[in-house]
Amino acid sequence: MTPTGARWRNTDPESRLLIATLLLASTLTVMSGATIAPSLPAIRAHFATVENAALLVRLVLTIPALFIALGAPVAGLVVDRVGRKPMLIASTALYVVAGGSGYVLATLPSILVGRATLGLAVAGIMTSATTLIADYYSGVRREELLGKQAAFMSFGGVIFLPLGGFLADVGWRVPFLIYVSAAVLVPLMVVAVYEPTIGSPTRALEPTTCDPATGIPVSRTDGGRSTPSVRSGRVPGKAISLAYLTALVSMVIFYMIPVQIPFYLETLAATNGSEVGLAIATMTLVSGVTSTQFYRVSARLDATGITALVFGFMGVGYVVIGSSNGYSQVIVGLAVSGIGLGLLFPNLNTWVTDNASEDVRGRVLGGLTSVIFLGQFLSPILTQPIVTRVGLGTGYNVLGLVLAGLFVVVVTGGLIGWLERPESTG
């Protein structure tokens, strides 16, 4: 029963308004980069007389990822100690101000400060929104919502990339106004989102038993899949570390697509900006559709099994891309890679939340967010030497073979065996 004086506030985790608010908040991470990407040439032209303008303009796009990586661990700590809802609301308000600041700021350094602040806001939004989904739901329902979250992030890219391009034709500052639209989510967060209680009775109680093979306590979810039952304050180091490593490697390799595909397509055929956008949007669309089906896949495979699928599909996709001799073949390769990408993010989030108790969940999810965006930031630094040495096509083939090797490692059980060796409980 809703307490007197709070009847106007939502306390139902199945509220459509609550779910919509969390999913829409998750799209803000995509907006942080995609929105202004088409404006970069015009920004460079406007600040052409500024020293090191070429480098600084590129940083306008990439610096949010660095500050997301730096800010996410702190955001996770605040989420656990102060609360999920306050962090989500405060971060979204900061997002509106920092994101929209590029419309009025007069100098390139000040725009970079605004973009760095935007990264800190995204770190807070992503960490708190994902933690709330993990807190509100369990079992198959949690996996379904984490899949939808990843899908909304992908579909957001499909929407915001062309919208940013259209507005960039009006003026390079105009796309910055898209960030201000996030202001409509703040009142929705105030009304629809509620602070979960640790051990909240709104979630179904799950009987605990022991895995006969490992003796580790597990909880049977409503989908029949076993997940670890983690005591308060406990973080299984092996499982979390392996999830972080998977995220880092996957993002370093994956981000070679948005960074290098435009240049690779130029070497295969004369392509314009719209065709490049369509190619990347194809992968993003396939990724989003795949994410919506994650809960069906997770009902049959555990985290390591799904990781094998991620590496397998991305590996095949990269080899197809690297072996292509035309635009249409690259599209096929991007679509196949998109299947793996669509499974990656919900699998990582489920992997981490299943292995962390509620009172430390914000911190471990903050760490995951940090690793993901650190991988994005490091990707061009680590992959460019490969491209410089062997060329773009061979570079995609090399990374495809690396992914194939990772697929073999997971499938042959080396990874799983390492995980199943008992950890010290201290």
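Start with everything shown. Of the contacts in the protein chain with a separation of 6 or more, 82% are between residues 24 or more positions apart. Keep in mind that this is a predicted model. Colour by secondary structure and you'll be looking at 17 helices and three strands. Of the chain's 426 residues, 53% are buried.

Next, select threonine 350, in helix α14 (residues 327-354). Is threonine 350 buried or exposed? Its relative accessible area is 0%, so it counts as buried. Show its side chain too, which reaches the backbone oxygen of proline 346 at 2.8 Å.

Now for the rings. The whole structure holds nine aromatic pairs. Pick tyrosine 136 and tyrosine 137: their ring centres are 5.9 Å apart and the planes meet at 80°, so this pair is edge-to-face. Both of these tyrosines are buried.

Jump to tyrosine 264 and tyrosine 396. Their centres lie 5.5 Å apart with planes at 50°, so this pair is tilted. Tyrosine 264 belongs to helix α10 (residues 256-268) and tyrosine 396 to helix α16 (residues 392-411), so-called distant parts of the chain, 132 residues apart. Tyrosine 264 is buried at 3% relative accessibility, and tyrosine 396 is buried at 0%.

Last stop: select Phe47, Tyr95, Trp172, Phe176 and Tyr179, a cluster linked by ring pairs.

Note on methods: Residues numbered from 1 in each chain as written. Predicted model: local features only at pLDDT ≥ 70, side-chain atom pairs only at ≥ 80, totals over all residues. Heavy atoms only, no water. Helix = DSSP H or I, 4+ residues; strand = E, 2+ residues; numbered from the N terminus. Buried < 20%, exposed > 50% of the residue type's maximum accessible area, 1.4 Å probe, protein only. Contact = heavy atoms within 4.5 Å. Polar contact = N/O pair within 3.5 Å; in protein donor to acceptor, adjacent residues only side chain to side chain. Phe/Tyr/Trp six-rings, centres within 6.5 Å; stacked < 30°, edge-to-face > 60°.
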